[in-house]
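Please look through the sequence and the model shown here before reading on. The briefing below begins with a single residue and then moves on to the chain, its sheets and its cores.

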Amino acid sequence: MKLNKKTAVIVSFALGSVMFATTAMAQVLTKSGYDQLKDSVKYTAESATTKLTSYTGDVSISIKDNGNVVYSNDSISKVDVAKGADETIETRIDGSKKTERYNYSDVNGYISKDSSKNIYTTTAFTTPHKITTSQNPFKEEGATDMEKIADAVVGNLKDAVVVTQNSDGSKTLSGSLSEARIPSIINAVISLESKRAFGNNPNNESSIPKITNDVFVKDVKGNMVTTKDGLIQTVLGTGVISGKDAKGVEHKLTFELLAKMTDVNTTKVNKPDLTGKKVEKNVEQDYSKLTNPEKYIGKYKTDILIEKDAKFVKIGERFVDITAVDNKGVSGRYYEDYAKGFEEYAVNKKDFKFSSTFEKGQFNGKVKASNFTGSISINQGLATIYFNQNENSNENVISSNGNYSKVFE
């Protein structure tokens, strides 16, 4: 599920407000509703990344302006945790613009397709990617601090809870908050973020109204169903934000969220058959090593410039001729060539052979040559290098930025 960048913040904070309602809903009699909600969210996040073998996630978001739908996003994601494979189909409608996307990935590569192009783009990994289980947001750096902030902001909203224990052991958690009970800090944050998202982006083409004045949350409602173990099955939330645009027109934005987790441990993720399809193939660059290092052998150059009569004037060229390169280092020759009429600048021109040993895990190093100090760096996947001189031979020469482009005969 992806939102337009300029509206994502507003949606996030609006849904965050919804979560304040559902957050207050959780439930085992021995714990507060809020604490049990956190237990369910943490348990679901941990299960989805390490414990479950597979599952299907279905998420739908819609935004209404004064009752009319102006944005919607529907996505279905099938995840095979054990195999490290996932498949997502997404449909987004922003005003009259409809966008459909397809993505598939596994340890060997990924496939994508955008509705604007009738082409499948495939990217193969040079070596299989390790299956990672560290995507649990509660294990990310700073998660503990964010949880403490959320605890402080929620405050007495923890009490807005209605818990229904179902006969099969599952729980239905529901609650609502009216405008009068919305903490002022939430309104302040949403107002600030709406101004940041819309106020500084005049070219925003989204159909979502750009509310920047008198922004506040009118109400939020939420409903959550969990299994007896605490695994979240469905979440339904609504939130209403009121505000005015730059012209003073009032808008009532209604955010609706429906999320479901189904087919737990029975979901099948299959790689798509692209036979007969138009396919654009790519290979992912392995940045841990130089692929085909011999392609970097050859001559590279950059211009030597001066400023004369309020203009830039080219007086010559600097060359780096790479004669050998591998994953350990590089060697070659550096020299300068000055144009006729600028011989005075060539008095101290340089011409020497050099070598360089790369730093561990990188493809740059200090240049080893007599009477010269500097460094060289190979730009992976590009026909350019970086060759830096720590001093200029002539103070009138404009300092080079160190970027050299390959010369093609």
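**Starting point: one residue**

Ser-184 is exposed, because its relative accessible area is 61% and exposed means over 50%, whereas buried means under 20% and partly exposed lies in between, with a 1.4 Å probe and protein chains only. The model is predicted, so local features need pLDDT of at least 70 and side-chain atom pairs count only at pLDDT 80 or more, while totals for chains, interfaces and linings use all residues. Residues are numbered from 1 along each chain as its sequence is written, and side-chain values use heavy atoms, with hydrogens and water left out.

- Ser-184 is found in helix H4, which covers residues 184-199; helices (H or I, at least four residues) and strands (E, at least two) are DSSP runs, numbered from the N terminus.
- Between Ser-184 and Val-217 there are 33 residues in sequence and 9.5 Å in space, taken from C-alpha to C-alpha.

**The chain as a whole**

- The chain has 4 helices and 20 strands, and of its 409 residues 41% count as buried.
- Among the contacts in the chain with a separation of 6 or more, 54% are between residues 24 or more positions apart, where contact means heavy atoms within 4.5 Å.
- The accessible surface of the chain comes to about 23000 Å², of which carbon and sulfur atoms hold 49%; the areas come from the Shrake-Rupley method with a 1.4 Å probe, and for residues only the protein chains shown count as cover.

**The sheet of 12 strands**

- This open sheet has mixed pairing and runs in the order S7-S8-S9-S10-S11-S1-S2-S3-S4-S5-S6-S12, with two strands taken as paired if DSSP finds at least two bridges between them.
- Strand S7 (162-165) and strand S12 (279-283) stand at the edges with a single partner strand each, so one side of each is left without a neighbour in the sheet.
- Neighbouring strands of this sheet are turned by 10° against each other on average, direction ignored; axes are lines fitted to C-alpha atoms, for helices over the stretch in contact, and angles run from 0 to 180 degrees between N-to-C directions.
- Strand S3 (residues 85-94) and strand S4 (residues 97-106) run antiparallel and are joined by 9 bridges, and they form a hairpin with 2 residues between them, where Gly-95 in the turn has a positive phi of about 70°.
- S4 is also joined by 6 bridges to the antiparallel strand S5 (residues 109-114), again as a hairpin with 2 residues between the strands.
- Ser-105 in S4 is the bridge partner of Asp-86, and the bridge partner of Ser-105 in S5 is Tyr-110.

**The sheet of 8 strands**

- The order of this open sheet is S16-S15-S14-S13-S20-S19-S18-S17, and its pairing is antiparallel.
- Its edge strands, S16 (351-357) and S17 (364-366), each pair on one side only.
- S17 pairs with strand S18 (residues 374-378) over 3 bridges, and Ile-376 in S18 is the bridge partner of Gly-365.

**Nonpolar cores**

- The largest nonpolar core has 19 residues, of which Val-320, Ile-322, Phe-354, Ile-378, Ile-385 and Phe-387 touch the most other members; such a core is a set of buried Ala, Val, Leu, Ile, Met, Phe, Trp, Tyr and Cys residues joined through side-chain atoms within 4.5 Å.
- Strand S14 (311-325), strand S15 (329-338), S16, S18 and strand S19 (384-389) each give two or more residues to this core, and its largest share, 3 residues, comes from S14.
- Apart from this core lies another, of 15 residues, among them Ile-208, Val-215, Val-217 and Ile-241.
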